Amino acid sequence: MQTWLAKAREHLEWDRRTEAVLARCGGDAARRAGVELAADRAQAEVLLSETREALGVLQRREKFPLDDLRDVVPHLQRLERGGALDAAALYDLLVTLRTARAMRTFLSRQREELPALWLSCSTDPALDELEAQLDDALSPDGSLSDHASPELRQLRKEIGNLRERIVGRLQGLIDRYQDVLSDRYYTLREGRYVLPVRRDAHERVPGIVHGTSQSGASVFVEPRPVVAHGNRLKMAHSELEREEQRILASLSELARERIGSLEGAALAIDRMDLRRAAARLGRDLDGHVPVLDEACRAEIHELRHPLLLLDGVDVVDNDLSLAAGEGLVISGPNAGGKTVLLKSLGLAALMTRAGLPLAAREDSRVGFFERVLTDVGDEQSTVKNLSTFSAHITNLAAILEAADGRSLVLLDEVATGTDPQEGAALACALVDTLCEQGAALAVSTHYEPLKAFSLEDTRLRTASVGFDVARMEPSFKLALDVPGASSALAVAQRFGIPADVIARAQRVLPEQARKFDQLVQQLAAKISELEQAQEALARDRARVDELRRKQDKKLESLRRDGDNTIAREVSDLLADVKSARQAVSAARDKLRSDKPDAKAVAEADKLVAKVAKRVALGGDLASSQPTASRGGGGGGPIEEGDVRVGGKVHVDRLRSDAVVLEGPNKGRVRVAVGPLKLWVETGELREPSGNAAAGGSANGDERKPSPTPRRKAERTPDNTVTVRGMRVDDAKSMVETFVDRLLTTDHPVGYVVHGHGSGALRDAIREQLRQEMPHVRSARAGADHEGGDAVTVFELD
């Protein structure tokens, strides 16, 4: 293992991190393989993509096909050495082949969603043949099946028959010799069936002695009547064993022929098991897979230390930003979280190389760092006769030698353990040199000169972990661009140093140090006040947004109520119109008869006049609309020259948007609001809701409304009207109403069924459609499948 990696693993507790992943694996093989770091950026990208896809599978609550994972590596190694496998080992291979097939099906079904896993974890389909052969030869209990060969089946059957004969004879012999037996049972000794005979009477049972009991009180005798059967049974067992060995050798050879594909399948299963484990840990940490940045940099949002999370600690999240050739100088009190931040950053770099999720926000980015060089913790060594300072210097010298533009360097309390002035000077020089070498550097310190250096050098950025003076405890929150006070005396007091000792220390402390500490604390207090103010502002903004949302919802509800009112009024109005037309039609019938009823005609005329007045004024509609339904409904006035057929306008009287059907003509236009159509004065028109131009913009450019998609032309009850047998005037009135209604739907074609007759009704309808209906593009006779000349088909604009 590389020296830098060994130190990083130790300093960052990397092994604990990998153990957390391996504990979530389902198979021993993946645990044994462990978590490896990618050798290059391309490999890291693949690992991250696989983990991202696996995390998506878990988030969709789907199940990986990895239920029964067997460790087949030892079996494959035995096959490579030319050995044969027993039935249990072959059954492990069978289970693995089933898993490989299920995994291949799973990945093929989701190839578009899981391209990286499909590419790396697919298995050889030719293994399905080996799976079928093993499945035929093996039983679910892991033994050879009777179907493995006809000879095996025959031998097992013969052995069963022999055993039954022997047991049957023994039952009879037990009854015959019960007075000399120690007990009424039979047993096996050296593969032979025997009876327990009392030692003093064994000569009374003819047969072969196969030993005595542990106490010596019983002699196990194979009775002579079953000896021949026992001999045959022994031979059958030998033949059975040879047949089983032959079958196992044959199956092992079949597996050996596909050893490469088997090894590939085992590796693919272990790889998916490890990716699933990584995704499980990411889910448990509420983490996300970072974006692999092209450069050696880190831009991590809401980063939390994963090991502390696993320990159940309530971790404060922080944002960290670092790039090659730049440095982050972190200061602040002891036990304030500086070391935790450094370790979190180092773990994030290693986890990215290993394809593991970070306990951070989804938009975090981390580059591929070839080396993570660390100097964290106490490096004192009694074996090498090194003091703490000497050990640190030795490690720092190695870091200086190895650091470059592809390295992440983490230095905790750099250059401590010696004279403070010399240590501070050395720390500044080290930071300067490492930045010159292009490394991405994060360092924690208590040295005031290094804090000042970080404020002056544009390559460096200062940061601090906060300390709550009121509660006398650290906040663990990182504040950027603000140096932190060490607060050593406050920390000492918190951990039990007597107050009089603290007071003496404050008197001894140089005035400059006290002033600097006070300034930093005042700055921290101001920052805390600003953060609180920002949080209060954010809460106020959220309340305002919520109030606005509720108000918009209320206005929308009022508009919807207004629309419903219009719909009801229109429905009533259309019912009145229909009733009037029926009355007029009835009156006309009577006028044509021999005895016309003048009273009925007068009543119909009154009803028509009433409805016509209501249509012209729209009074009921206007009066019934709630005032609140105007909300945002009307813009500025529209000039008559800007009104276009097909454009949208807002009609004050109706308190609703409408579509222009005809006009302008003598200062009036015909508009449609749902199924209602009426003439209104152009002075009543305003810009529609949303300030959309009613057919033209302010500069006169025509703007056509987006056409409503129309359905495919086909005859349905909704776009068909029947006027067969009606008088021409009545039929034309009905057709006019039908066309008006059809304009409010998405039907592009209408059908009028008038029949053949004399042709007068047909000609009148077609002339009406072609000459009197401005929105009818064309009218023609129906095709054979549409009803022929008995139907007129018309198309709408």
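Where is valine 226 found?

Mentor: Valine 226 is found in the loop between strand S4 (218-223) and helix H10. Please keep in mind that this is a predicted model.

Let us begin with the surroundings of this residue. Valine 226 has a relative accessible area of 1% and is therefore buried, since the limit for that class is under 20%. Leaving out residues up to four places away in sequence, valine 226 touches Ile166, Arg169, Leu170 and Leu173. The distance to glycine 168 may also be given: valine 226 and glycine 168 are 58 residues apart in sequence, and their C-alpha atoms are 9.9 Å apart in space.

The helix on one side of this loop deserves attention next. Helix H10 covers residues 227-257, 31 residues in number. From its first C-alpha to its last it reaches 45 Å, close to the 45 Å expected at 1.5 Å a residue. The buried residues of H10 are Val227, Gly230, Leu233, Ala236, Leu240, Glu243, Ile247, Leu248, Leu251, Ser252 and Ala255.

We may now turn to charged side chains. The protein has 56 salt bridges by the rule applied here. In one of them the side chains of glutamate 13 and lysine 343 meet, at 3.7 Å from N to O. Glutamate 13 lies in the loop between helix H1 (3-12) and helix H2 (14-22), whereas lysine 343 lies in helix H13 (residues 338-354), so this pair ties together parts that are 330 residues apart in sequence.

Another salt bridge joins the side chains of aspartate 284 and arginine 24, at 2.9 Å from N to O. This pair also links distant parts of the chain, with aspartate 284 in helix H11 (residues 259-284) and arginine 24 in the loop between H2 and helix H3 (28-33), 260 residues apart. Aspartate 284 counts as partly exposed at 44% relative accessibility, and arginine 24 is partly exposed with a relative accessible area of 21%.

A salt bridge can also lie within a single helix. The side chains of arginine 31 and aspartate 28 meet at 2.8 Å, N to O. These two residues are three residues apart in helix H3 and are thus separated by about one helical turn. Arginine 31 is partly exposed, its relative accessible area being 32%.

Finally, let us consider the protein as a whole. Its secondary structure comes to 23 helices and 23 strands. Of its 797 residues, 44% count as buried, and the protein exposes about 41,400 Å², of which carbon and sulfur atoms supply 50%. Among contacts with a separation of 6 or more, 67% are between residues 24 or more positions apart.

The mean pLDDT is 82, and 81% of the residues reach 70 or more. Over residues 615-632, however, pLDDT stays under 50, and the model has 37 contacts beyond four places in sequence for them. Residues 691-709 likewise stay under 50, with 26 such contacts. Where pLDDT is low, the predicted coordinates should not be read in detail.

Key
Residues numbered from 1 in each chain as written. Predicted model: local features only at pLDDT ≥ 70, side-chain atom pairs only at ≥ 80, totals over all residues. Heavy atoms only, no water. pLDDT = per-residue confidence, 0-100. Contact = heavy atoms within 4.5 Å. Helix = DSSP H or I, 4+ residues; strand = E, 2+ residues; numbered from the N terminus. Buried < 20%, exposed > 50% of the residue type's maximum accessible area, 1.4 Å probe, protein only. Areas by Shrake-Rupley, 256 points an atom, 1.4 Å probe, with all protein chains shown as cover. Salt bridge = Lys/Arg side-chain N within 4 Å of Asp/Glu carboxyl O. Expected span 1.5 Å × (residues − 1).
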